[in-house]
Amino acid sequence: MKHISGPRADLDHVTWRKSSYSGDQGNCVEVADGVHDVVPVRDSKQPTAALVFSTHAWAAFTDDIKTV
């Protein structure tokens, strides 16, 4: 797996996993784990576009949605 750095990080070589909440509808949120200091997130329908969050921001987001 490549080390991801900078705003134009190369995500071509990361392994993506589908959210367990996406189901089989084809509307999938995918996350790449194991990338140093960031968490890339993408829509499976547009795999060339990804949002890249800091690990701190992603942890805060996932903690917040668990309480809803």
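This report covers the confidence, fold and surface of one predicted protein model.

## Basis and confidence

The model is predicted: local features need pLDDT of at least 70, side-chain atom pairs count only at pLDDT 80 or more, and totals for chains, interfaces and linings use all residues. Residues are numbered from 1 along each chain as its sequence is written, and side-chain values use heavy atoms, with hydrogens and water left out.

pLDDT is the predictor's confidence in each residue, from 0 to 100. The protein averages 81, and 87% of the residues score at least 70. Helix 1 (residues 55-66) has the highest confidence, at 92. Strand 1 (residues 16-18) has the lowest, at a mean of 90.

Residues 1-5 stay under 50. The model gives them 16 contacts (heavy atoms within 4.5 Å) beyond four places in sequence. Where pLDDT is low, the predicted coordinates should not be read in detail.

## Fold

The protein has one helix and four strands. Their order along the sequence is β-β-β-β-α. Helices (H or I, at least four residues) and strands (E, at least two) are DSSP runs, numbered from the N terminus.

Take the contacts between residues at least 6 apart in sequence: 19% join residues at least 24 apart.

## Surface and P47

Of the 68 residues, 26% are buried. Buried means under 20% relative accessible area, exposed over 50%, partly exposed in between (1.4 Å probe, protein chains only). The accessible surface (Shrake-Rupley method, 1.4 Å probe) comes to about 5,200 Å². Carbon and sulfur atoms hold 52% of that surface.

P47 sits in the loop between strand 3 (38-43) and strand 4 (50-54). Its relative accessible area is 45%, so P47 counts as partly exposed.
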